[in-house]
Every structure is written in structure tokens, then in C-alpha cells.
Amino acid sequence: MGLEKDIFCNNFEVWKKDKKILFENQHVYSILSITPTVPALTLVIPKKHIENFSELTGNIAEEFFHAIPKTFEIIQEIYESCDKLRDLYEFYTQLSKTGPFDLAKLQAKEMLIHPELKVKPVAYNVGINYGTFAGQTVNHLHWQLIPRRENKDRPFGIATAFKEYLN
Ligand SMILES: [Zn+2]
């Protein structure tokens, strides 16, 4: 436990150097998901390798929850700046070409033609895939911050966060 090296543990310094970190405090950081299902899908990740909720305590837990609204503010700021929105487009363009695995490239391509790519999020859902059968693929606890756009015709709620995009 705790010794496994995963994509989050291995890449934090690289992402930091490449200016991919959206938000960072002492114990937690945020990055754009490399397997996005909606534009600007973001992950909030503890810097320490944490696998279980029981390890999420004290300052780390506090900063974890603090990081969520802060990260959402930063996502909204992306949509308030032409340059930052261009960077987001560029992020998905690069990911679609040089993503580390096929799913990342495919999802990035879908983001580039997504009808809400340039629509500013006004709300968000937060969720965790906890356990293999919940779809957890990285054994390092992380929050998914799912930006939501204004649309009165669609169902709301985390259980339906992706439903409108599925056929
Ligand atoms: Zn880890």
C-alpha cells in the first residue's frame, strides 16, 4: 500500500513543469482530465498517494474540499478569456494527437467537436469512482469535477451528468 506508482504520482512534477496544473495548494492539485467526457472535465487529486477514504484526513481532507470550488472558479475563468479558451482547445488538440493511450486520443477528438466546448459552465457535479466496479482505473483517490452548462431541457443531477451525451 502506498508504494505503487501511478499516473498521478508519476506525473505531478512533469505536469507542473508543463504548466498543466490548474490549481494547487499544499496537499492537493487539479488538472484537466485526459479522458474527458465533457469539456473541461477536471480531476482534483491529493499529492500524497492515497487509496482509501480512511487516509483522507486532517489538512489533506480540508484542502481537498477547498480545492473543488477554487478549481471551478479557475475553469470559469478559462471561459472568460479568449486566450485561455484557445489554450483549452489546444490542450485537446494536442491530446488527440499525442495522448498517452487510445482512449485519451479518442475522447479528446470528441471534445473538439463537442457542442459545449465553448459554452461556459455555470454549475458542477462532483463524483468519485471508488472501486474497480465503479469504474476506478487509477488506484489513487481523486475527485471528478464535472462542469455543467445551462440547459433547461435536460435532466439535472449527478446521476444524469453524462446521460445527455449518450445515445
Ligand atoms: Zn498515487
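These legends describe close-up views of a predicted model.

**View 1. The five-stranded sheet.** An open sheet is built from 5 strands, ordered E1-E2-E3-E5-E4, with antiparallel pairing. E1 and E4 are the edge strands, each pairing on one side only. Helix H2 packs on this sheet and touches E1, E2, E3, E4 and E5. The direction of H2 makes about 155° with that of E3.

View 2. E1 and E2 run antiparallel and are joined by 2 bridges. Here Glu24 stands opposite Tyr29 in E2.

**View 3. Helix H2 along its length.** H2 has 21 residues. From first C-alpha to last it reaches 31 Å, close to the 30 Å expected at 1.5 Å a residue. The helix bends by about 25° at Ala67. A proline, Pro69, follows within four residues.

**View 4. The buried residues of H2.** Phe64, Ala67, Thr71, Phe72, Ile75 and Ile78 are the buried residues of this helix. Their packing partners are strands E1 (23-24), E2, E3, E4 (123-127) and E5, plus helix H3.

**View 5. The largest nonpolar core.** This core has 27 residues. Val28, Ala40, Val44, Ile45 and Leu145 have the most contacts inside it. At least two core residues come from each of E2 (28-32), E3 (42-46), H2 (58-78), H3 (82-98), H4 (102-112) and E5 (143-148). H2 supplies the largest share, 5 residues.

**View 6. Surroundings of Val28.** Leaving aside residues up to four places away in sequence, Val28 touches Val44, Ile45, Pro46, Lys47, Glu63, Phe64 and Ala67. Among these, Phe64 and Ala67 are buried residues of H2. Ala67 is also where H2 bends.

Methods. Residues are numbered from 1 along each chain as its sequence is written. This is a predicted model: local features need pLDDT of at least 70, side-chain atom pairs count only at pLDDT 80 or more; totals for chains, interfaces and linings use all residues. A nonpolar core is a set of buried Ala, Val, Leu, Ile, Met, Phe, Trp, Tyr and Cys residues joined through C-beta atoms within 7 Å. A residue is buried if 20 or more other C-beta atoms lie within 10 Å of its own, exposed if 12 or fewer, and partly exposed in between; C-beta atoms are placed from the backbone. Two residues are in contact if their C-beta atoms, placed from the backbone, lie within 7 Å. The expected span of a helix is 1.5 Å times one less than its number of residues. The bend at a residue is the angle between axes fitted to the seven residues ending there and the seven starting there. Two strands pair if DSSP finds at least two bridges between them. Axes are lines fitted to C-alpha atoms, for helices over the stretch in contact, and angles run from 0 to 180 degrees between N-to-C directions.
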